[in-house]
Amino acid sequence: MTIEFKAIEFRSTQEAVQWTEAGECGVAILLDGKNYVMDRAEVERIEVAGVEFAYLNDYEMPNGEHRIITVPVND
């Protein structure tokens with residue numbers, strides 16, 4: 001099955017998450033090994049279609065270090 005979607009591709013998870021945190025619109029996801037930012041409606045559309053992906057989130061550890069964590073969807 002092929003599903004087309006609108007997104008901006010980034011070289012790294014950090015760049016994708018930073019884009020969303022910098023006030024730009026969208027949600028950072030990891031899909032097929034690539035880092036994307038999509039509108040929330042587009043992400044919901046691919047989720048309902050059963051596409052496997054993961055949300056990318058910045059998580060601050062207790063020691064202040066930041067890590068990118070993934071939250072799998074349709075796994």
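This note covers the nonpolar cores and the salt bridges of the structure above.

1. The model is predicted, so local features need pLDDT of at least 70 and side-chain atom pairs count only at pLDDT 80 or more, while totals for chains, interfaces and linings use all residues. Residues are numbered from 1 along each chain as its sequence is written, and side-chain values use heavy atoms, with hydrogens and water left out.

2. The largest nonpolar core has 11 residues, including Val27, Tyr36, Ile46 and Phe53. A nonpolar core is a set of buried Ala, Val, Leu, Ile, Met, Phe, Trp, Tyr and Cys residues joined through side-chain atoms within 4.5 Å. Buried means under 20% relative accessible area, exposed over 50%, and partly exposed in between (1.4 Å probe, protein chains only).

3. Two or more residues of this core come from each of β2 (27–31), β3 (34–38), α2 (40–48) and β4 (53–60). The largest share, three residues, is from β2. Helices (H or I, at least four residues) and strands (E, at least two) are DSSP runs, numbered from the N terminus.

4. Another core, of six residues, lies apart from this one; Phe10, Val17, Ala28 and Leu56 are among them.

5. The whole structure holds three salt bridges, each a side-chain nitrogen of Lys or Arg within 4 Å of a carboxyl oxygen of Asp or Glu. One of them joins Glu42 and Arg45 (3.0 Å, N to O). These residues are three apart in helix α2, which means about one helical turn separates them. Glu42 is buried at 16%, whereas Arg45 is partly exposed at 38%.

6. Another salt bridge joins Glu15 and Arg11 (3.1 Å, N to O). Arg11 is exposed, at 76% relative accessibility.
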